Amino acid sequence: RSRAAGRSCQYLQGLISAGKRPAQRTCWGNLGSDCLRKRSSQVISWMGRGCWSILQTTVLFLYPQDLYTAPDSCKGRCEEPYNEEDECHCNAECERYQNCCEDYYTYCSSEGFSSSRDAITDGDLLHISEQLYEADHNKAKPTDIIINPQHRLSPDHTGDQEDHSPEPLYKYVNEKLFSKPTYASFIKLLDNYQRATGREEDITAEELKEQDNFLKEVMKTELMKKLFTFLHKKNRYSSEQEFVTDLKEMWFGLYSRGNGEQDSSGFEHVFSGEVKKGKVTGFHNWIRFYLLEKQGLIDYFSHSYDGPWNTYPDVLGIQFSWDGFYKEVGSAFIGCSPEFEFGLYTLCFIARPGRACHLSLGGHSLSIQTYTWTKSTYGNGRKYIATAYVISS
């Protein structure tokens, strides 16, 4: 019997045990024989004179959704115990494990973290994002980067695939930035992936060490320490080691975007970029873009969004070709440190998975959209990062 039918059966049995009548429109026909046999005497007594054969063929009086709960919804499921067969979850722990159903906040907003001191409120997000912005001591100075955005394209024409900018986006980058520990450890990760989905990633022992080294270096920064302290106070992690372990899984854990192969991860998709069905997907990092443009592998076409910041980090929404594959809109921070981007995306994935996460950076509004990978999990049902990127507020 399906999980939905099982819940319907439990609902009916609960009413019977409490001595209550089910709603007049109860959909008997979809409950399943096991449930009906267990309580057949009580059910029949409510229906008046009759017999088991009549009960089994009772005409339906309502639509199935009146008793059934959708597998991807929290309607009627708040505080339901964890079950690994469920597609998503609706109990107090789902926010911590990033496996809540998308409508969790609609139906269960008075439950779990959302109504307690552990809740991450919109105000909390505005405050902590400003703190992280101020703590980005490794960001580029105004003289470290000179960009040449050239043609600004209407959002209605981003799919045209026309090169409107004859010059590269980056006129100058002070590459001394890349000798800083978080930059250097980040850049080492970028050549660890095959960009085509459907081809299994072969992660070597050396590459695993590079992942660990990157996490070690970012956790030395004030920015990531502030993020951990915030999440620790909100009861998301009990120790820094637990936080780092989860970061490695959520960002670097492999899953399949195509052909059943372990061919992708959140880090690869967001920071390195992938190609699927002839198009660039992900690829939201300025350092990766600069390095490939310098090698002649990126052709900058135009931009469709330019943030309000007059210093770094700034935000651009850009169109480009990566070795012949087109990216329609690739939003990216410009001039931020690796830990800044990594930290903000992590914050939003934990606090607002699958939703717009509204932040404040230097007094300007900005939102980040994240999505969870729903087809596989790690640990106790925790979700991997599918993607994360900047959207305009």
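User: Which strands form a hairpin with two residues between them?
Analyst: Strand 8 and strand 9 do, and Gly-362 in the turn has a positive phi of about 60°. Please note that this is a predicted model.

User: In what sense do strand 8 and strand 9 pair, and over how many bridges?
Analyst: The pairing of strand 8 (residues 356–361) with strand 9 (residues 364–378) is antiparallel and extends over six bridges.

User: What stands opposite Leu-359?
Analyst: Its counterpart in strand 9 is Leu-366.

User: Which strands form the open sheet, and in what order?
Analyst: Three strands form it, in the order 8-9-10, with antiparallel pairing. From one strand to the next, the twist averages 30°.

User: Which helix packs on the sheet?
Analyst: Helix 14 packs there and touches strand 8, strand 9 and strand 10. The direction of helix 14 makes about 70° with that of strand 9.

User: At what angle do helix 14 and helix 10 pack, and how far apart are their axes?
Analyst: Helix 10 (residues 222–233) and helix 14 (residues 338–351) pack at about 15°, and their axes are 9 Å apart. The two helices are therefore roughly parallel to each other, a term that applies to angles under 35 degrees. Their crossing is left-handed.

User: Which residues make that contact between helix 10 and helix 14?
Analyst: Helix 10 contributes Leu-223, Met-224, Leu-227, Phe-230 and Leu-231. From helix 14 come Glu-339, Phe-340, Phe-342, Gly-343, Thr-346, Leu-347 and Ile-350.

User: Turning to helix 8 and helix 13, at what angle do they pack?
Analyst: Helix 8 (residues 181–189) and helix 13 (residues 286–294) pack at about 65°, with a distance of 11 Å between their axes.

User: Is the crossing of helix 8 and helix 13 left-handed or right-handed?
Analyst: That crossing is right-handed. The contact involves Tyr-183, Phe-186 and Ile-187 of helix 8, together with Trp-286, Ile-287 and Leu-291 of helix 13.

User: Now the backbone. What is the phi of Gln-150?
Analyst: Gln-150 has a positive phi of about 55°, although this residue is not a glycine. For context, a negative phi is found in most residues other than glycine. Gln-150 belongs to the loop between strand 1 (145–147) and strand 2 (170–173). Its relative accessible area is 27%, so Gln-150 is partly exposed.

User: And what about the phi of Asn-259?
Analyst: Asn-259, also not a glycine, has a positive phi of about 60°. The residue is located in the loop between helix 11 (240–252) and helix 12 (266–272).

User: Is Asn-259 buried or exposed?
Analyst: Asn-259 is exposed, because its relative accessibility is 68% and the cut-off for exposed is over 50%.

User: Is the peptide bond from Tyr-312 to Pro-313 cis or trans?
Analyst: The bond is cis, with omega near 0°. Most peptide bonds are trans. Pro-313 sits in the loop between strand 5 (298–306) and strand 6 (314–322).

User: Where is Pro-155 found?
Analyst: Pro-155 is in the loop between strand 1 and strand 2. With a relative accessibility of 60%, Pro-155 counts as exposed. Although Pro-155 and Val-329 are 174 residues apart along the chain, their C-alpha atoms are separated by 8.9 Å.

User: A wider view, please. How many helices and strands does the protein chain have?
Analyst: The chain comprises 14 helices and 10 strands. Of its 393 residues, 51% are buried. Among contacts with a separation of 6 or more, 60% are between residues 24 or more positions apart.

User: What is the average pLDDT of the protein chain?
Analyst: The average is 84, and 80% of the residues score at least 70.

User: Where does pLDDT stay under 50?
Analyst: One such stretch is residues 15–69, for which the model has 66 contacts beyond four places in sequence. The pLDDT is also below 50 over residues 110–115, a stretch with 21 contacts in the model beyond near neighbours in sequence.

Terms used:
Residues are numbered from 1 along each chain as its sequence is written. This is a predicted model: local features need pLDDT of at least 70, side-chain atom pairs count only at pLDDT 80 or more; totals for chains, interfaces and linings use all residues. Side-chain values use heavy atoms; hydrogens and water are left out. pLDDT is the predictor's confidence in each residue, from 0 to 100. Contact means heavy atoms within 4.5 Å. Two strands pair if DSSP finds at least two bridges between them. Helices (H or I, at least four residues) and strands (E, at least two) are DSSP runs, numbered from the N terminus. Buried means under 20% relative accessible area, exposed over 50%, partly exposed in between (1.4 Å probe, protein chains only). Axes are lines fitted to C-alpha atoms, for helices over the stretch in contact, and angles run from 0 to 180 degrees between N-to-C directions. Angles under 35 degrees count as roughly parallel, over 145 as roughly antiparallel, 65 to 115 as roughly perpendicular and the rest as oblique. A crossing is left-handed if the near helix is turned anticlockwise from the far one by less than a right angle, and right-handed if clockwise.
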